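Keep the viewer open as you read.

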Amino acid sequence: MSTPTFSAATLPANDNVSSYAFGVELNGGRWFAQKGKMIAYYGQISFEALSAGPLDSLVASHFHSPLYAHDWIVASGSGKLLLADRGFDVNSFDLDDGNLTIRAGNLLAFEPGLELKQSIIPGFLTLLGTGRFVAASNGPVHFVEPPIRVDPQALLGWADCPSPCHHYDHSYMRGALGTARMLTGLGGQSGEEHQFDFTGRGTVLMQSSETVAADGGLLRQIEGQLGLLGTSGLQRLHQTIGARLQAERD
Amino acid sequence: MVAYDGEMTFKRQGITGGEGLRGALRRRVAGEGITLMEVTGHGTVYLADEATEITLIPLRGDTLFVESDSVMALDAGLQTGVQFVGLRGMGTGQGLATTKIEGHGTAAILSHGPAIGLQVTPEIPLSVDPHAYVAHHGQLRQDVVTDVNWRTVLGQGSGESVQFRYHGHGVVYVQPAERSGALEI
């Protein structure tokens, strides 16, 4: 087994370097990239947080997600950039005046031809417009067509179809045990009683594992809404979290 | 070692690890702990470590620099040693030293995901994220490039503020994953 070796000239430009790494060529252009996904680069490339002054107009027109702004940077300059994520499979997709929603933690980078917005479903981001983006998945990506119900952890994203709704197995909610479960969040979870339900026309993207990246955005979103709860709500949440932590330890 | 066939003997290398007393002392001071075992005989030995990828790097009299955690196996014709690298190692959270392997033979190194070799030529420098760095060899000069500014201090950094920059002739091996280091900027 020999290790594939590339030079600045032979490193694939805007294509996969291996199944697990993607090369981006910058010729004075810019790419949005998630923080910490750059593993190497040739040439002169600089990385700026979205709050950087010169990026103001770019961010204003292409990045509409304050929740995730902290996790993203803009790469600019000229050279070739290598992106990878935890040894996950990496793939690029082209959107042609399309719309695609993707799990925030799995989106590695996108061209400024695309516009990023926050999806209604927490933890997901929507890309609109024309351009290329790079996404990571644990195992190969599967494209399926609605109607379909998918496991929330295996869902990577969806394109062109309406946003999904939650689906719960009826038998799981029924009866006294089900009520107790709903109230306490404890006991008897098979882990498969909750799915996302897709209908309509479009494509659903799934990964072949249930490993998802820890998403700081979801946590920030919950934290941001704590103020709406009031004292009794906070106490209730405190109890629920305590019970969940106890259950996780057991 | 996960399996072998044929006739093999396994012998733990002494505390000096074939580097002599002085070498062992250096290693202890540097915190580049490495325990090698010597396998001799005829047949096939199968080596594996937590299903990580293994890269074979042939050495013809040149020196390979690699983190001690990433060393899996090496030919008997290769010598190991410790190289002090100063601030460079801090970026990876691995300390101030790295392991060097020199001589003629093949070294097997570990990486999370298949390693990618990136050639460096004098015209175009290569910059590497310390967390993705695995090993390098050749005539390379290694600098730490920091891009720390007031934004970083405010927690608005680019997340790529510390990089290794390589100049010269050689190959740098990177892995398609970032190990969690001690220094997060």
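Chain A is divided into domain 1 (15-137) and domain 2 (214-250), with bounds that come from an automatic or database domain assignment. The centres of domain 1 of chain A and domain 2 of chain A, taken over C-alpha atoms, are separated by 30 Å.

Before going further, a word on conventions: this is a predicted model, in which local features need pLDDT of at least 70 and side-chain atom pairs count only at pLDDT 80 or more, while totals for chains, interfaces and linings use all residues. Residues are numbered from 1 along each chain as its sequence is written, and chains are lettered from A and ligands numbered from 1 in the order in which they are written.

Chain A contains six helices and 16 strands; these are DSSP runs numbered from the N terminus, helices being H or I with at least four residues and strands E with at least two. Of its 250 residues, 32% count as buried, that is, 20 or more other C-beta atoms, placed from the backbone, lie within 10 Å of the residue's own. Among contacts in chain A with a separation of 6 or more, 78% are between residues 24 or more positions apart. A contact here requires C-beta atoms, placed from the backbone, within 7 Å.

Now to a sheet in chain A. Three of its strands form an open sheet in the order 12-15-14, with antiparallel pairing; strands pair if DSSP finds at least two bridges between them. Strand 12 (148-150) and strand 14 (165-168) of chain A are at the edges with a single partner strand each, so one side of each has no neighbour in the sheet. From one strand to the next, the twist averages 40 degrees, with axes fitted to C-alpha atoms and angles running from 0 to 180 degrees between N-to-C directions.

| Strands | Sense and bridges | A facing pair |
|---|---|---|
| Strand 12 and strand 15 (residues 194-198), both of chain A | antiparallel, three bridges | R149(A) and D197(A) |

The contact between the chains takes 28 residues from chain A and 29 residues from chain B. On the chain B side, strand 3 (53-66), strand 7 (116-120), strand 8 (126-128) and strand 10 (162-174) each supply at least two residues. Strand 7 of chain B gives the largest share, four residues.

Key:
Buried ≥ 20, exposed ≤ 12 C-beta atoms within 10 Å, placed from the backbone. Contact = placed C-beta atoms within 7 Å.
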